[in-house]
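Let's take a walk through this one together. Have the sequence and the 3D view side by side as you read.

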Amino acid sequence: MAEANAVSESSSDPFNVAYWQKRWEENQIGFHRTQINPFLLKHIELVTGQKLTAEPIGDTDKFLENSKKTWFVPLCGKTMDIPYLLSQGFRVFGLEAAKLAIEALDQEHSLCLVYNEETKLFTGADGLLQIYMGDLFTCPIEKFGPFDYVWDRGSFVALEYPFRSSYIELMQRALKKSDGSWYDFKYLMDSVQYDKSKYGGPPRSVDDIDIDEFYKPWSSVQLVETEALPEDNRVAKLVGGEVLCRIYFITPPK
Ligand SMILES: C[S@@+](CC[C@H](N)C(=O)[O-])C[C@H]1O[C@@H](n2cnc3c(N)ncnc32)[C@H](O)[C@@H]1O
C-alpha cells in the first residue's frame, strides 16, 4: 500500500524535497502528531540528565541553564516537540524543506519567526529557536553545530533507503567539533521496524542490520525501548503486519 495516494516519489527529485513539499500543500501529513511525543517525554531524562514533565519549566535558573544546550531536530515538520523543548528552556535548531510546515509551526504556536533569505534561517523573537529552511543534503550543518542533543522522529525513517549514508554523513558533521573529534552529543531516535517486503515506506524500517551498518561504526548505540504498534495504528495499517516502534539512544564512540 502506498502512503498519501496523490503524491508519489520521483527519480527526477533526487532527495524527494518536491514530494514532501507537495504533501504539505495537499495536507497529507498523517505523520504529524498533535501531542508531545510520549517517547521524548519518557526518555528526556536519559538525554538531559533532568526529570522534566510535559509542563513548561517553572524554575528560572533551570530555564536559563537549559538555554546553554541546543537540540537539533532534523526534518522537523511542525512537530509539537519544538514548542515543548522551548518550554523547557532549551535552544532548538530545526531543519525543514517545506516552507508551509515552518509557517504552520510559527502560526500555531505564535513563535513570531523572522526569515533571513541570506542565511535561510527562521529565527524566533528570543533567539532560542532557529529553523534552517532547505534541503537536508545541501545544508552546511557544521556551521550551526555541534549540537548537544538530537531528537530524530520521522527523520531517518522518512528517507529513501539509498539516502541513508548521506544522512549519516550530515549527522556526523552536525556532531563533530571543528578539530574533527566527537562532541559530547546525546541523540535519541524514534524508529520503526517491520518486514521490508511488506511495505516500501515512508516511514522506512530500521532493523538490527541497519543499526550495525549506519550507526554502530561511529557511535555507541543502546536500544532503550521496543513497543509493538496497535493494529489500528496508521503505520501498522500501511505495513499490513507487525510494526515495532524502537527507540535508540546514541552517544559518541567509547
Ligand atoms: C515524516 S515527516 C516528519 C516531521 C516531524 N519530524 C514529525 O515528527 O512530525 C518528514 C519531514 O521532513 C521534511 N523533509 C523530507 N525530506 C527533506 C529534505 N531532503 N530536506 C529537508 N526536509 C525534508 C518533510 O517536509 C517533512 O516535514
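Helices (H or I, at least four residues) and strands (E, at least two) are DSSP runs here, numbered from the N terminus. What you're looking at is a predicted model, in which local features need pLDDT of at least 70 and side-chain atom pairs count only at pLDDT 80 or more, while totals for chains, interfaces and linings use all residues. Residues are numbered from 1 along each chain as its sequence is written, and side-chain values use heavy atoms, with hydrogens and water left out.

Start with S155, which sits in the loop between strand 6 (149-153) and helix 6 (164-175). Is S155 buried or exposed? With a relative accessible area of 0%, S155 counts as buried. The scale goes like this: buried means under 20% relative accessible area, exposed means over 50%, and partly exposed is in between (1.4 Å probe, protein chains only). Leaving aside residues up to four places away in sequence, S155 touches P74, L75 and Y167, where contact means heavy atoms within 4.5 Å.

L75 takes us to the ligand. Counting a residue as near when one of its heavy atoms lies within 4 Å, 18 residues surround the ligand, and the closest are L75, E96, D135, L136 and R153. Which elements supply at least two residues each of that shell? Helix 1 (17-25) and strand 2 (91-96) both do, and helix 1 gives the most, with three residues. Sorted by class, the shell has 12 nonpolar, three polar and three charged residues. For that sorting, Ala, Val, Leu, Ile, Met, Phe, Trp, Tyr, Cys and Pro are nonpolar, Asp, Glu, Lys and Arg are charged, and the others, Gly among them, are polar.

Now zoom in on the backbone around the ligand. A polar contact is a pair of N or O atoms within 3.5 Å; within protein, one must be able to donate a hydrogen and the other to accept it, and residues adjacent in sequence count only if both atoms are side-chain atoms. A polar backbone atom of A97 is 3.1 Å from a nitrogen atom of the ligand. For L136, a backbone N or O atom lies 2.8 Å from a ligand nitrogen, and for R153 that distance to a ligand nitrogen is 2.7 Å. Taken alone, the ligand exposes 590 Å², and the protein buries 97% of that. Those areas come from the Shrake-Rupley method with a 1.4 Å probe; for residues, only the protein chains shown count as cover.

Next, follow strand 2 to its partner. Two strands pair if DSSP finds at least two bridges between them, and strand 2 pairs with strand 5 in the parallel sense over five bridges. E96, one of the residues closest to the ligand, stands opposite M133 in strand 5. Strand 5 (residues 129-133) has four of its five residues buried, so it is largely enclosed by the rest of the structure. Strand 5 also pairs with strand 4 (residues 121-123), this time antiparallel over three bridges, with L121 opposite Y132. The hairpin of strand 4 and strand 5 has five residues between the strands, and G127 there takes a positive phi near 80°.

Over to strand 9 (residues 244-251). Why call strand 9 largely enclosed by the rest of the structure? Because eight of its eight residues are buried. L244, R246, Y248 and I250 point one way, C245, I247, F249 and T251 the other. Strand 7 (residues 186-193) pairs with strand 9 in the antiparallel sense over seven bridges, and S191 has R246 as its bridge partner. Strand 8 (residues 220-228) is joined to strand 9 by eight bridges, also running antiparallel, with A228 opposite L244.

Strand 8 holds E227 too, which is partly exposed at a relative accessible area of 36%. Not counting residues up to four places away in sequence, E227 touches F39, V243, L244 and C245.

Two last stops. S87, in helix 4 (residues 81-87), is buried at 19% relative accessible area, and its side chain reaches the backbone oxygen of Y84 at 2.6 Å. D212, in helix 7 (residues 208-215), is partly exposed at 41%, and the D212 side chain makes a polar contact with the side chain of K216 (3.5 Å).
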